[in-house]
Amino acid sequence: MFVPIAPRPAPVPTRGPVVWLRKNLFSSPSNTVLTIVTGTVVAFALYNLALFVFVDASWGQVWANMKLFGVYRYPADLLWRPLAVAAGMMFLLGAMAGVGGRGSITANAFFAFQGLVGLLSVLAVLFWPSVRVLWPMVLVAGFVGFLLGRARPRVVRALPWAWAAWFVLGLVVLYGVVPGTGPLRVVPSRDWGGFLLTLVLFTGIIPSFPLGVALALGRTSRLPAIKYFCIAFIEIVRGAPLIMWLFIASLLLPLILNVDANSLPAIMRAYVAITLFSAAYMAENVRGGLQAVPRGQVEAARALGLSAWQTTMLIVLPQALRAVIPAIVGQAIGLFKDTSLVFIVGLVDFFRVADLVSVQPQSLLVTGGVKLEVFLFVAVIYFFFAYRMSVASRQLERQLGVGVR
Amino acid sequence: MTTSTVQAPAPDAPVPFWRNVKTLGIIAQIVFVLLVVAGIGVLVNNVTTALARANLPADFSFLRQRAGIPIAETPIRYTVTDSYARALFVGFLNTLKVAIVGVVFASLIGVLVGVMRLSTNWLVRTIATVYVELLRNIPLAVQIVFWYAAILLPFPPRINNPVTLPGGILLSNVGLAVPWVYPTYRFGAWVPWLVGALLIAVAVTVLRRRSLARRDVVGVVWPFPVVAFTVVAVVGYLVAAGDRSLPPGVGVDFAADRGRGTVYREVDGRRQPLAFVPVRVSVESAQLRATSQNLVESRRRVDSTVRFPLVHDYEAEAIELEFADPAAAEAAGYRLHFERFPSVATVYVDRNGNGVFDPGEETDPDTGVGYNGVEVVMSLTGFERVVVSDRDGQVRTPIFAVPAAEAAESEPAVPAARGRFSAFGQAAVQQASESVLEAHTEVLGVGPLVVSRASIPVTTFEGGARFTVNYLALVLALVIYTSAFIAEIVRGGIQAVPRGQREAAMALGLSPYQTFALVVFPQALRIILPPVISQYLNLTKNSSLATLAGYAELFVVASVVSNQTGAAIPVALLLIGSYLAISLAFSLVLNNVNARLALVER
């Protein structure tokens with residue numbers, strides 16, 4: 001006689017949203033309570049944030065002052081110059097991304113920036129007549145660079161020189177060449193500001209790199225005079241905060257160089273302070289890398305007959321620098337954030353523009369002021385760039401780690 | 001077995017000095033030193049000529065001059081007539097005040113968030129991740145200004161309408177005030193007991209350690225020294241507090257119509273202020289007046305609001321409020337609605353006639369603004385408040401006025417008559433002088449410690465411990481910013497503890513909490529502490545951004561001093577020296593910690 005066996009219970013699902021919820025949010029009574037309590041708090045906070053952002057906030061002042069946030073007092077008819085520099089940067093970034101290929105760290109970073117440029121291009125086409133053509137050109141420059149990099153991967157060799165050329169040419173283009181009037185007239189650095197100035201100061205990390213490497217090599221040198229000089233420099237500079245060095249540089253640089261205080265623009269004093277400060281930190285990062293290079297590498301190089309100079313430049317430094325790239329990116333993030341301190345020498349960077357906008361007469365007409373709106377906007381922009389860099393740094397760390405093992 | 005001798009190539013031919021590494025090194029160093037010395041010489045020469053040309057001071061003699069820098073928040077006594085040196089010292093103490101409080105709270109929040117990052121609960125984990133990523137990637141300067149100018153200045157209500165939290169904590173847009181314990185003139189009687197308690201605690205510690213060592217057992221760690229210390233200290237406090245007599249010659253000169261007085265002690269005919277003694281101020285009947293106004297509070301326009309100094313309804317037997325001109329108010333249809341009886345009220349016109357206040361009724365529909373300039377009188381009967389004198393012996397209350405009716409009876413010509421009262425010994429000596437403003441004061445006897453509670457006599461916090469909004473914003477921003485970094489260090493440290501440790505602890509039957517607190521965290525601490533200490537140093541250095549919150553710490557004071565005196569070089573040297581000293585102190589602590597944490601290997 002056929003007796004059907006009782007049906008087996010359906011298998012417990014091991015995937016799907018319900019399982020995920022049970023595993024991650026409601027795995028135990030205490031976890032359930034935790035989820036409900038924190039969930040309520042988060043929902044309340046997000047609701048209030050949304051209420052503020054979409055209902056209560058008055059974003060008009062932020063929108064009306066976009067040019068100030070971007071370039072401060074840089075002449076409106078010369079906006080093509082900073083945007084040409086931006087186009088150059090996107091072109092080079094695009095070339096790097098193209099060489100790296102889809103999914104590489106540089107490509108990810110490039111497309112994130114390209115997204116921002118795209119957004120700005122749309123806004124420019126719709127609302128900003130003076131840069132209606134220029135922003136899309138920046139976008140195009142990025143794509144051209146990307147295609148070039150994909151088509152001819154060998155441009156990678158020329159890239160360091162291209163970046164150096166961009167750095168020098170960019171400063172020339174921003175500053176101008178002829179006094180007086182015309183499209184190439186000089187724009188004094190006191191008119192630079194906003195995000196443009198933040199980026200210009202951020203490039204202080206470029207000259208700080210060779211300085212930092214030199215200091216690191218000096219610190220590991222066997223010659224006591226050089227070693228202790230480097231130790232003293234690094235430790236004294238790292239011992240005090242950047243804001244103090246900026247302040248001291250603005251006071252003392254004219255005295256030290258014995259020049260008239262007005263002939264030394266504030267941007268130059270800030271740049272010197274930022275570069276030297278950054279170099280001291282760079283030196284410590286590089287030293288970490290130098291110590292990580294196995295002794296055998298040096299000994300092998302010497303055994304092969306390489307000179308001390310060759311050993312350092314061809315064997316030790318390449319390995320040391322490769323190991324500390326994540327740390328250097330981390331330092332770059334720190335420096336990017338620290339450029340906000342130049343308000344102390346009277347420069348009007350992106351952060352300081354926010355303050356100026358919040359005390360404009362039109363801002364004071366708004367009940368309760370617009371400080372919250374303005375500083376939220378600034379925070380979001382800083383966050384975008386810093387977070388993008390930290391994502392890249394993490395990817396880099398993962399990649400390098402895999403390579404070492 | 002064969003022995004082979006290696007013949008070294010006879011290095012008879014001397015190496016020429018330009019190929020001798022040693023000589024080359026020495027030459028290189030000499031050249032380097034010469035270059036450095038020459039460079040420094042040129043720079044020093046430049047500086048001295050520049051200083052001489054600009055006629056700026058180059059030595060430290062300016063430090064003794066009168067500073068004239070107002071500092072809102074001073075841990076030690078400081079006035080604008082003090083010297084530059086003292087102003088700088090106050091700045092240094094303010095830096096420490098930020099650093100110590102910041103380090104404590106940043107550690108607590110950092111550990112909490114770091115542990116949250118490893119939670120099995122997705123929501124908790126995600127919140128912690130967002131917290132860390134968000135705060136690490138926004139410049140500290142932006143965060144300080146955000147907390148200061150965008151949150152703490154506009155959002156908490158104004159000073160005369162503070163947020164009152166349980167325990168007598170007051171928060172307003174000028175800052176935070178909390179009850180605080182201060183040592184009184186009787187503190188000296190307690191000191192011997194404290195010293196004794198400390199000695200006993202040390203003795204107990206030493207004895208226990210010895211006896212445990214002798215028996216070679218791991219005892220259950222009872223906090224015997226702490227218990228011994230507490231018992232002796234409490235007994236001593238009770239004994240010392242038993243005698244509550246006031247020292248001879250104590251009095252208070254209090255002017256009710258100025259709302260202030262000084263507690264003093266007369267020694268050899270001279271009055272010295274007496275700090276931290278409670279004074280009971282009683283006013284038989286008095287008035288406070290306020291006028292309705294429009295203002296912006298918590299980013300909203302508040303119309304027709306009447307603000308009195310903060311008076312609690314339990315502080316008086318009877319409180320009555322009425323319009324100064326009842327007839328005119330009646331004619332206009334004004335009524336009073338209390339947000340906080342009796343100090344915060346709204347003038348409104350009951351337009352819809354339902355007898356209660358409805359939002360919108362405080363605004364005049366014709367003009368679009370509130371009913372401004374309506375005077376309201378608060379009549380207090382039997383007002384009594386115990387005020388603890390501050391460190392300068394000052395006692396402050398609201399500025400009372402003579403009740404209008406009585407003033408008219410006695411002295412119609414003088415609206416604000418002045419009453420001066422003093423009290424000697426424990427019982428108050430009342431002297432009704434020329435004024436009808438019935439107020440008397442009584443200095444109360446007190447034990448070694450006194451709890452001072454905050455009050456708002458006029459438009460400032462008095463009593464308690466007060467923190468300006470500048471300090472709060474700075475500490476808040478520093479704590480939150482640093483805690484994000486500490487959280488990442490804590491997470492890394494906990495993850496670095498081998499899995500086997502956790503599993504072994506669980507296998508031994510330890511609860512999840514015990515596993516974490518007794519096994520995992522102590523081992524993680526070894527990895528966590530060194531980088532966390534460098535974060536503490538960062539926090540201390542970052543406090544130099546105080547200028548963004550208007551808080552006078554070392555760097556801010558120094559920059560003001562430099563601007564005032566032009567002594568750029570000496571101030572720069574002082575600043576560098578101070579920060580190097582702080583860094584050095586931290587690295588000493590770090591080395592000590594590293595030495596203690598080093599694994600003891602057998």
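Reader: How many helices and strands are there in chain A?

Author: In this predicted model, chain A has 19 helices and zero strands. Its C-alpha atoms fill a box of roughly 110 × 75 × 45 Å along the principal axes.

Reader: And what share of its residues is buried?

Author: Of the 405 residues in chain A, 36% are buried. Take the contacts in chain A between residues at least 6 apart: 72% of them join residues at least 24 apart.

Reader: Which residues of H10(A) are buried?

Author: First, the general idea: an α-helix has 3.6 residues a turn, so residues three or four places apart point the same way. Now the case here: the buried residues in H10(A) include Ile205(A), Ser208(A), Gly212(A), Leu215(A) and Arg219(A). Their cover includes helices H9 (194-202), H11 (224-239), H13 and H16 of chain A.

Reader: You mentioned H13 and H16. At what angle do their axes cross?

Author: Helix H13 (residues 266-292) and helix H16 (residues 325-338) of chain A cross at roughly 160°, with axes that come within 10 Å. Angles over 145 degrees count as roughly antiparallel, so that's how H13(A) and H16(A) lie to each other. Their crossing is right-handed.

Reader: Which residues make that contact?

Author: H13(A) brings Ser278(A), Tyr281(A), Met282(A), Asn285(A) and Gly288(A), while H16(A) brings Ala327(A), Ile328(A), Gln331(A) and Leu335(A). Sort the residues of this contact and you get five nonpolar, four polar and no charged.

Reader: What about chain B: how many of its residues are in contact with chain A?

Author: The size of an interface is often given as the accessible area lost when the parts come together. Here we can count residues instead: 48 of chain B are in contact with 44 of chain A. On the chain B side, the largest share, 12 residues, comes from H1(B). That side divides into 31 nonpolar, 12 polar and five charged residues.

Technical notes. Residues are numbered from 1 along each chain as its sequence is written. Chains are lettered from A and ligands numbered from 1 in the order in which they are written. This is a predicted model: local features need pLDDT of at least 70, side-chain atom pairs count only at pLDDT 80 or more; totals for chains, interfaces and linings use all residues. Axes are lines fitted to C-alpha atoms, for helices over the stretch in contact, and angles run from 0 to 180 degrees between N-to-C directions. Helices (H or I, at least four residues) and strands (E, at least two) are DSSP runs, numbered from the N terminus. Angles under 35 degrees count as roughly parallel, over 145 as roughly antiparallel, 65 to 115 as roughly perpendicular and the rest as oblique. A crossing is left-handed if the near helix is turned anticlockwise from the far one by less than a right angle, and right-handed if clockwise. Two residues are in contact if their C-beta atoms, placed from the backbone, lie within 7 Å. Ala, Val, Leu, Ile, Met, Phe, Trp, Tyr, Cys and Pro count as nonpolar, Asp, Glu, Lys and Arg as charged, and the others, Gly among them, as polar. A residue is buried if 20 or more other C-beta atoms lie within 10 Å of its own, exposed if 12 or fewer, and partly exposed in between; C-beta atoms are placed from the backbone.
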